[in-house]
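Please examine the sequence and the structure shown below.

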Amino acid sequence: MSTQMCRVVELMMRSACCHTIRSRSCLRKALLAPAAPSGLCVPGAPVLHRRAYSLDSLSSGPSRLTLGPSSQQPCTERTSPSSALTHRNLSAVAVQGQRRPLCRYDFLDLGEVEENVRRAQACKKMRHFIVDPELAKLVTQHLGPDDPKTVIFECNPGPGVLTRTLLNAGAQRVVALEGDRFFLHELQELEGRLDGQLEVVHCDYFKLDPIGSGNLKPPAMFTDKLFTDLGISEASWTDDILVKVVGILPQRNERGLLLKMVYALFERLSVYRYGRIELNLFISEKEYLKLMSRPGEMMHYRAFSVLWQMACDIELLHKEPWESFVSSKHSIPSPKGKLPNDHLCLVRLRPRADLFSAGLTPSNASTLLMMVKQCLAKRKVKLIDRLNLWSPDSGSKLLSEMGMQEDILTGHVYPEEYLRLFQLMDKSQEFTQSWLYEEILENTQREGWA
């Protein structure tokens with residue numbers, strides 16, 4: 001009897017020991033199991049040691065690209081708090097109402113760099129792409145998508161590295177304006193997996209509002225259709241920034257595009273009908289230096305420089321070597337000419353809220369544009385000669401009111417001085433009867449802008 005009792009006790013002890021071992025084994029498997037797309041652990045699934053790029057702001061090292069151990073970490077570490085920048089806060093407040101939030105820690109995979117490079121280089125159009133995760137993260141930091149009401153227009157996202165980085169950083173509403181069908185399918189698949197934080201439109205931002213009328217085929221589009229489809233309404237010019245645009249300015253026609261956009265800004269046409277639109281664009285270093293040229297720099301001080309400086313607060317956010325971008329045609333511009341051109345410059349162009357507060361209006365802005373263009377067509381002529389040409393014998397009086405010397409050259413006048421000069425001219429009966437104003441009035445019915 002005592003022998004049987006001993007065997008029963010021995011069996012009970014073995015059972016308890018095995019149960020403990022099995023429990024520890026299950027816990028270990030759960031901790032080491034890979035994560036599902038929703039961020040939850042999948043017990044029993046094989047551990048995949050795949051390559052991943054770290055987005056941790058504390059990463060160090062001389063190179064941008066770092067190997068991240070995200071797939072090898074326990075799931076408890078995957079859901080631990082990290083930097084506020086890389087958290088996805090997808091409790092989106094869309095224009096049309098509250099949307100269901102996704103998981104706060106549900107990161108989007110940026111994909112393999114090599115695959116993103118291959119897809120970018122397969123593009124048949126001359127374009128440059130951001131495929132470096134660290135560069136995408138830096139751009140995202142400068143954009144600061146912290147206001148849930150801000151809409152971000154991403155111009156030609158291509159493989160979508162910056163798109164995913166913006167969403168991972170907490171952007172509530174990103175509109176991917178992609179002009180090449182080659183990239184649309186993958187972007188639309190990503191859009192379908194989300195819950196309203198991403199909208200993909202077959203449209204090239206830099207081809208908005210072509211001259212003329214009639215039906216357009218994508219990627220060309222009219223702004224009214226784009227904003228109506230997105231549910232974005234017109235806002236007061238003094239309201240906060242509602243839309244931020246980010247992208248790389250096409251290199252073939254940088255100057256023409258910059259002129260087109262600044263004309264639209266002053267006349268409140270195209271996207272500027274809907275309020276102050278902030279541009280965050282990569283432009284070539286040489287074009288940036290011309291954009292920011294100052295009076296007296298006769299070689300580079302042009303009308304588009306004066307108009308942009310007059311209309312916007314301009315800030316250089318970052319300079320990045322051309323080699324950091326992937327080109328679809330493997331072409332990196334050589335530094336020709338007297339100005340350096342080794343970088344692309346990320347420039348913020350934020351329209352001034354008080355631009356239309358001192359007599360300047362969208363209706364008379366075309367006169368200002370004509371005045372500045374004519375003055376700076378030749379930068380070494382006397383300003384008084386231009387003024388007397390528009391209204392004989394009025395130049396001296398106007399320059400006296402401005403407190404300016406009569407021998408000042410048009411290339412030595414500051415942007416703010418041109419604006420004040422126009423405001424005085426606009427109030428003067430002598431100038432409102434001049435041929436300059438008559439010429440502008442004849443063109444008020446023209447369609448489009450150049």
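## A residue with positive phi

Ser 270 lies in the loop between helix 8 (254-267) and strand 8. Here helices (H or I, at least four residues) and strands (E, at least two) are DSSP runs, numbered from the N terminus. Ser 270 is not a glycine, yet its phi is positive, at about 55°. Ser 270 counts as buried, because its relative accessibility is 12%; buried means under 20% relative accessible area, exposed over 50%, and partly exposed in between (1.4 Å probe, protein chains only).

## Basis of the report

This is a predicted model, in which local features need pLDDT of at least 70 and side-chain atom pairs count only at pLDDT 80 or more, while totals for chains, interfaces and linings use all residues. Residues are numbered from 1 along each chain as its sequence is written, and side-chain values use heavy atoms, with hydrogens and water left out.

## The chain as a whole

The protein chain has 16 helices and 11 strands. Of its 450 residues, 48% count as buried. Contact means heavy atoms within 4.5 Å. Among the contacts in the protein chain with a separation of 6 or more, 71% are between residues 24 or more positions apart.

Seven strands form an open sheet in the order 6-5-4-7-8-11-9, and their pairing is mixed. Two strands pair if DSSP finds at least two bridges between them. Strand 6 (198-202) and strand 9 (312-321) stand at the edges with a single partner strand each, so one side of each has no neighbour in the sheet. On average, neighbouring strands of this sheet are turned by 20° against each other, direction ignored.

Which strand pairs with strand 9 over nine bridges? The partner is strand 11 (residues 343-351), and the pairing is antiparallel. Within this pairing, His 318 has Leu 346 in strand 11 as its bridge partner.

## Helices on the sheet

Helix 10 (residues 303-311) packs on the sheet and touches strand 8, strand 9 and strand 11. The direction of helix 10 makes about 115° with that of strand 9. For such angles, axes are lines fitted to C-alpha atoms, for helices over the stretch in contact, and the angles run from 0 to 180 degrees between N-to-C directions.

Helix 4 (residues 133-143) lies across strand 4 (151-155), strand 7 (243-248), strand 8 (277-284), strand 9 and strand 11. Helix 4 runs at about 165° to strand 9.

## Arg 350 in strand 11

Arg 350 has its place in strand 11. Is Arg 350 buried, partly exposed or exposed? With a relative accessible area of 30%, Arg 350 is partly exposed. Neighbours within four places in sequence aside, Arg 350 is in contact with Ile 241, Arg 276, Glu 278, Ala 311, Cys 312 and Asp 313. Arg 350 and Lys 244 are 106 residues apart in sequence, and their C-alpha atoms are 9.2 Å apart in space.

## Two helix pairs

Two packed helices are described by the angle between their axes and the distance between the axes. Helix 11 (residues 365-377) packs with helix 12 at an angle of about 135°, and their axes are 10 Å apart. These two helices are therefore oblique to each other; angles under 35 degrees count as roughly parallel, over 145 as roughly antiparallel, 65 to 115 as roughly perpendicular and the rest as oblique. Met 371, Gln 374 and Cys 375 in helix 11 meet Leu 383, Arg 386 and Trp 390 in helix 12. The buried residues of helix 12 (residues 383-390) are Leu 383, Ile 384, Arg 386, Leu 387 and Trp 390. They cover an arc of only 160° around the axis, which puts them on the same side of helix 12; the arc is that of the directions from the helix axis to the C-beta atoms.

The axes of helix 13 and helix 14 (residues 415-427) come within 11 Å and cross at roughly 125°. This makes helix 13 oblique to helix 14. Leu 398, Glu 401 and Met 402 of helix 13 make the contact with Glu 417, Arg 420, Leu 421, Leu 424 and Met 425 of helix 14.

## Further loop features

Asp 393 is found in the loop between helix 12 and helix 13 (395-402). Asp 393 is a residue other than glycine with a positive phi, near 65°. Asp 393 is exposed, with a relative accessible area of 75%.

Pro 219 is in the loop between strand 6 and helix 7 (223-230). Pro 218 and Pro 219 are joined by a cis peptide bond, with omega about 15°.
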